[in-house]
Amino acid sequence: MSIDLKIIKHISKLSRISVDEQKAHKLADDLNSIFKFIEKLNELKTDNVEPLTSVAETTLKLRTDEVKSKDIRDQIIKNSPQDNEDYFVVPKVIE
Amino acid sequence: MSEITKQSLSELVKNIKDKNLSSEEVTKAFIDRSEKSKELNAYITENYSSALENAKKFDQKPNLELKLPGIPMAVKDLFCTKDIRTTAGSKILGNFVPTYESTVTQNLWDEGAILIGKLNCDEFAMGSSNETSFFGNVQNPIDKSLVPGGSSGGSASAVAGQLTPITIGTDTGGSIRQPASFTGTVGLKPTYGSCSRYGIVAFASSLDQAGPMAQNVKDCALLQEVISTYDPKDSTSIEFKRNEYSKELTNNIKGKKIGIPKEYRVEGMPKEIEDLWQKGIEFAKDCGAQIVDITLPHTSYALPTYYIVAPAEASSNLARYDGVKYGFRSKGENLTDMYEKTRSEGFGDEVQRRIMIGTYVLSSGYYDAYYLKAQKIRKLIKNDFDEAYKKVDAILTPSTPSSAFKIGEKKDDPVSMYLNDIFTVPVNLAGLPGISIPAGQDTKGYPLGLQIIGKAFDEQSILNIAYAMEEKIKFKNKITDWWIK
C-alpha cells in the first residue's frame with residue numbers, strides 16, 4: 001500500500017507536528033520507501049506466535065508507597081519555558 | 001611514562017594510585033587536548049573549569065581505593081547530569097538543565113570519575129552518522145571526510161581522538177558498536193536490564209542500554225563493572241550477580257564454542273568485510289576456541305522489525321516534548337497550534353520522520369498489521385538466539401557491513417542509512433550483550449570491527465573472548481592528529 005498526502009496529514013495531526021505542502025511530499029516519499037522495506041515482514045506467517053513485548057523476563061516489583069523526594073516543587077517548575085513561580089503557563093484554552 | 005592523553009584507563013589509574021600523576025595533571029592534559037580539538041565538534045557542552053576544581057579537590061584528599069580515582073571523562077549528552085545542560089543533540093532540549101542525575105553517571109562519580117563535558121550525538125540517538133545532531137556533525141579522527149558513526153558519534157570520536165580516556169554511550173540498535181567500529185575503538189552494549197535507564201533521555205525503552213566505550217577491552221570491562229548496578233528506579237533493571245569484570249578478565253578461552261551464523265553473509269557485502277570475518281575466525285581458533293556453524297534464520301527480518309518497534313516506542317516517548325513543562329516552546333494561536341509549531345520547529349527531520357512512522361504503525365487500523373506483527377517477529381528473532389545458544393557460548397560476526405562512509409553520502413537516503421545497523425540490531429531486539437572490537441583496516445586504512453554476541457547476562461564471556469582476540473589481532477589505530485592546529 002502507499003502512503004498518500006491524506007495519510008501524512010492525518011498522522012501529522014496525531015503527532016502534533018505541523019507539516020507544510022513541501023514537507024508533506026518529502027515525508028510521503030520517505031515513508032513509502034521505508035514501508036516498502038518493512039513490507040518484507042509479510043513473508044512470514046505469525047498466527048501462532050506470541051508477541052514479545054519485553055526481553056526483561058521479570059514481573060514488576062511491588063514497593064511500599066512512600067514519599068522519597070519531598071519539597072521539590074521548585075525543581076519541577078525550574079525548567080518551565082515561561083517564567084512563573086507557581087504554575088506552568090500555557091496559551092489560553094477557554095474562550 | 002608516555003604522554004598522558006595516550007595512556008589507557010588502566011595506565012592512568014595505576015599512575016594516579018602510584019602518585020606518579022595527580023588527577024589535576026591528568027584532567028588538565030585531556031582538557032588541553034580537547035581545547036585543541038574543536039574541529040572534531042565532539043563536545044556539545046564543556047565542563048572544564050568545574051572539572052579542574054573537582055580534580056584539585058580530589059588531589060587534596062585522594063581516595064585511591066576507588067575504581068576511577070580522579071579520572072576525567074566526557075559522556076554522551078543523553079545522560080542527565082544535575083545542573084549541567086543535557087540536550088540529547090536536540091533543539092527542543094537546547095536549554096534543558098536537569099535537576100537530577102542519571103544512575104549510570106552517578107555510579108561514575110561515586111567511583112571517583114570527573115566530568116569534563118557532554119558529547120555530541122545524533123538527535124535523540126536517532127542516526128548512524130552523527131549528522132542529525134542539532135549541534136552539527138562530528139568528524140572522525142581517522143579522516144576528515146568520514147562520519148564517526150552514530151548515534152554515539154561524539155563519544156567514539158572523543159575516545160579515538162584521545163580527548164577522553166573512556167566514555168559511555170547508549171545503544172538502541174547499534175549506537176555504541178557501529179561508531180566504535182568506525183573509529184577503531186572498543187564498545188560494549190550490555191544485556192538489557194544490566195545498566196539502569198534512569199535519567200537517560202528515552203528513545204525506545206525496550207531496546208535502550210547504556211554501555212562503555214574505550215581504547216581497549218580491559219578498560220571497557222572496568223567501566224562496565226562501575227556502571228552496571230541494579231536500580232529500583234528503573235522498573236526493567238534486573239537483579240543478577242554482576243561480576244567484577246576487569247578482575248575476572250582472562251585470555252584463556254580454550255574450548256569456548258563460538259558460533260558463525262551463515263545468515264550474516266549478506267548479499268552485496270564487500271569482500272574486505274568477508275575477509276575480516278574469516279580472519280576473525282582464524283584468530284578465535286588460534287586462541288583455542290572451537291568454531292561451530294550455526295543458523296539464525298530470521299536475521300533478515302530484524303531490521304524491518306526494528307524500524308517498527310523503535311519508532312513506535314519513540315513516538316510515544318517523545319510525546320512528552322510539548323513545550324509546556326520544559327524545553328523549547330514556539331508561539332501559537334492556541335494550545336494545539338503551540339504544540340504543533342513547537343514540535344515542528346524543535347525536532348529535526350529524522351526525529352520527525354520516526355515519530356511519524358511510529359504514530360502510523362500504532363494508529364487505529366494499522367496496529368495489528370504492523371506493531372503486533374513486529375512484536376511477533378521479534379519473538380522469532382529471540383527464539384533463533386535461544387536455539388543457537390544451546391550449542392555455542394558466543395557468536396562472532398562483523399560489526400558493520402562497511403567501513404566508515406563519507407559525510408553527506410547517505411544523508412538523504414534513510415533506508416541506506418538504516419542498513420548500517422544490519423548486524424547490530426538483532427542483538428538489541430533479543431536483549432543480548434554485544435561487543436565490537438577493532439580487528440583490521442580496509443584498503444583505505446579505515447578501521448573495521450568484529451562483533452562478539454553473548455548470552456544474556458554473560459558479559460564476562462564476550463569480554464574474555466574479545467580480550468583474547470585483541471591480543472592476537474594487535475590492532476593499531478592510525479591517528480594523525482590532523483585536526484590539531
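In what order do the three strands of the open sheet in chain B stand? The model is a predicted one, and in it the order is β1-β3-β2, with mixed pairing. Strands of a sheet pair through backbone hydrogen bonds, either parallel or antiparallel.

The edges of this sheet are taken by β1 (43–46) and β2 (72–76) of chain B. Each of these two has a single partner strand, so one side of each is left without a neighbour in the sheet. From one strand to the next, the twist averages 35°.

The pairing of β2(B) with strand β3 (residues 114–119) of chain B is in the parallel sense and extends over five bridges. Within this part of the sheet, V75(B) stands opposite K118(B), a residue in β3(B).

A helix accompanies the strands. Helix α2 (residues 23–35) of chain B lies across β1, β2 and β3 of chain B, and its direction makes an angle of about 15° with β3(B).

The contact between the chains comes next. Chain A contributes 38 residues to the contact, and chain B contributes 53 residues. On the side of chain B that touches chain A, at least two residues each come from α9 (302–317), α10 (335–346), α11 (349–362), α12 (367–388) and α13 (414–418) of chain B. Of the elements on this side, α12(B) gives the most, with ten residues. By residue type, the side of chain B that touches chain A comprises 25 nonpolar, 17 polar and eleven charged residues.

How values were computed:
Residues numbered from 1 in each chain as written. Chains lettered and ligands numbered in written order. Predicted model: local features only at pLDDT ≥ 70, side-chain atom pairs only at ≥ 80, totals over all residues. Contact = placed C-beta atoms within 7 Å. Helix = DSSP H or I, 4+ residues; strand = E, 2+ residues; numbered from the N terminus. Nonpolar A, V, L, I, M, F, W, Y, C, P; charged D, E, K, R; others polar. Pairing = 2+ DSSP bridges. Axes fitted to C-alpha atoms, helices over the stretch in contact; angles between N-to-C directions.
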